[in-house]
Amino acid sequence: MREGVRIGFVPTMGALHEGHRALIRAARLRCAALVVSIFVNPTQFGPREDLAKYPRPIRQDRALCRKEGVDVCFEPTVEAMYPNGFQTMVTLPTIARRWEGEARPHHFSGVATVVTKLFGMVRPHLALFGQKDFQQSVVVRRLVQDLNLGVEIVVCPTVREADGLAMSSRNIYLSPDDRVRATTLYKSLQTGAEAIRNGVVDGEAVRSAMAQVVKKEPAITIDYLAVCDPTTLEPLPTVTGKVVLLGAVRIGPTRLIDNILVVAKQARRKF
Ligand code: AMP
């Protein structure tokens with residue numbers, strides 16, 4: 001199938017929302033055959049995480065795929081993906097260690113393994129991922145390069161609710177009060193971006209400005225807020241060029257992640 005027709009691929013865990021729809025539409029424009037996978041991948045969940053209760057509205061998901069002109073909705077079973085005897089895992093020790101990797105130690109190994117398997121099964125020419133999961137997109141780019149997978153990776157902008165909250169299948173876990181508070185993370189990232197645009201170059205000063213915003217909400221705890229190089233994800237003591245502001249917070253039982261890309265003032269002047 002790979003020869004002749006350009007195959008686009010959008011891997012998902014289902015519970016599809018407007019963020020997924022944007023990836024599907026972006027893919028549709030770039031390929032002749034479009035595959036969407038729906039697979040709640042157990043190897044990327046920690047033992048105390050939400051694997052069992054992860055939403056699985058499969059009929060709605062299929063309807064969305066149909067409406068968006070998806071050619072194949074690929075729904076492998078856990079047994080098909082991880083049969084008895086399965087043992088090969090893909091790990092990225094450095095890039096997967098920080099940030100999400102600290103809170104979720106085996107998460108990116110699960111992601112890298114399932115993405116490698118799905119690419120092997122679907123054999124796409126291009127695959128689309130969301131900026132929403134910024135570290136994941138960095139991991140996938142690295143994986144494709146390191147293992148010569150030959151798949152073009154396209155990263156699409158984060159789709160947000162009207163009040164700025166990044167869309168996520170997990171937002172349904174938020175109570176009505178927590179849903180209101182949840183915008184704090186994006187506000188904090190925007191505050192950091194604004195500081196950078198206003199010429200603040202000290203990475204710690206930017207981070208601290210972001211933290212101030214979250215600390216005003218006693219119901220929210222910070223997992224991490226960071227000012228990083230968008231390729232290595234290493235924290236930047238001094239902000240120059242393109243940077244990514246990363247954040248993860250906990251609101252009650254729910255963990256939210258988000259990020260913003262921003263270009264520092266000095267770098268922008270050069271263009
Ligand atoms: P998931 O189903 O959560 O594994 O996500 C599948 C793909 O959709 C990943 O590439 C995510 O980064 C992407 N995605 C999830 N939420 C959003 C969003 N709000 N905007 C854009 N892409 C998203």
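The shell around the ligand has 8 nonpolar, 7 polar and 2 charged residues by class. The model is predicted. In total, 17 residues surround the ligand. The strand S1 is largely enclosed by the rest of the structure, because 6 of its 6 residues are buried.

**Ligand shell**

- The closest residues to the ligand are Met13, His20, Asp133, Val159 and Met167.
- Helix H1 gives the most to the shell, with 3 residues.

**Backbone contacts to the ligand**

- A polar backbone atom of Met13 is 2.9 Å from an oxygen atom of the ligand.
- For Val159, a backbone N or O atom lies 2.9 Å from a nitrogen atom of the ligand.
- Met167 also places a backbone N or O atom 2.9 Å from a nitrogen atom of the ligand.
- The ligand taken alone exposes 480 Å², and the protein buries 92% of that.

- Which residues point each way from S1? Ile7, Phe9 and Pro11 point one way, and Gly8, Val10 and Thr12 point the other way.
- In a regular strand, side chains alternate between the two faces of the sheet.
- Both sets of S1 residues are buried.
- S1 pairs with strand S2 (residues 33-38) in the parallel sense, over 6 bridges.
- Within that pairing, Ile7 stands opposite Ala33 in S2.
- The chain runs from S1 through H1 to S2, and this β-α-β crossover is right-handed.
- S1 also pairs with S4 in the parallel sense, over 2 bridges.
- Phe9 has Ala127 as its bridge partner in S4.

**Strands S4 and S5**

- S4 pairs with strand S5 (residues 152-156) in the parallel sense, over 5 bridges.
- Leu126 stands opposite Glu152 in S5.
- From S4 the chain passes through helix H6 (residues 134-146) to S5, in a right-handed β-α-β crossover.

- Glu152 is found in strand S5.
- Is Glu152 buried or partly exposed? Glu152 counts as partly exposed, because its relative accessibility is 40%.
- The C-alpha atoms of Glu152 and Ala127 are separated by 6.3 Å. These residues are 25 residues apart along the chain.

**Arg21 in H1**

- Arg21 lies in helix H1.
- With 15% relative accessibility, Arg21 counts as buried.
- The side chains of Arg21 and Glu68 are joined by a polar contact of 2.7 Å.

**Arg6, before S1**

- Arg6 sits in the segment before S1.
- Arg6 counts as partly exposed, at 34% relative accessibility.
- Along the chain, Arg6 and Thr232 are 226 residues apart. Their C-alpha atoms are separated by 31 Å.

- Asn148 is a residue other than glycine with a positive phi, near 50°.
- Where is Asn148 found? Asn148 is in the loop between H6 and S5.
- Asn148 counts as exposed, because its relative accessibility is 68% and the cut-off for exposed is over 50%.
- Leu233 also has a positive phi in a residue other than glycine, here near 65°.
- Leu233 has its place in the loop between strand S6 (220-228) and strand S7 (242-251).
- Leu233 has a relative accessible area of 1%, so Leu233 is buried.

Note on methods
Residues numbered from 1 in each chain as written. Predicted model: local features only at pLDDT ≥ 70, side-chain atom pairs only at ≥ 80, totals over all residues. Heavy atoms only, no water. Near = heavy atom within 4 Å. Polar contact = N/O pair within 3.5 Å; in protein donor to acceptor, adjacent residues only side chain to side chain. Areas by Shrake-Rupley, 256 points an atom, 1.4 Å probe, with all protein chains shown as cover. Helix = DSSP H or I, 4+ residues; strand = E, 2+ residues; numbered from the N terminus. Nonpolar A, V, L, I, M, F, W, Y, C, P; charged D, E, K, R; others polar. Pairing = 2+ DSSP bridges. Right-handed = clockwise from strand over helix to strand, strands pointing away. Buried < 20%, exposed > 50% of the residue type's maximum accessible area, 1.4 Å probe, protein only.
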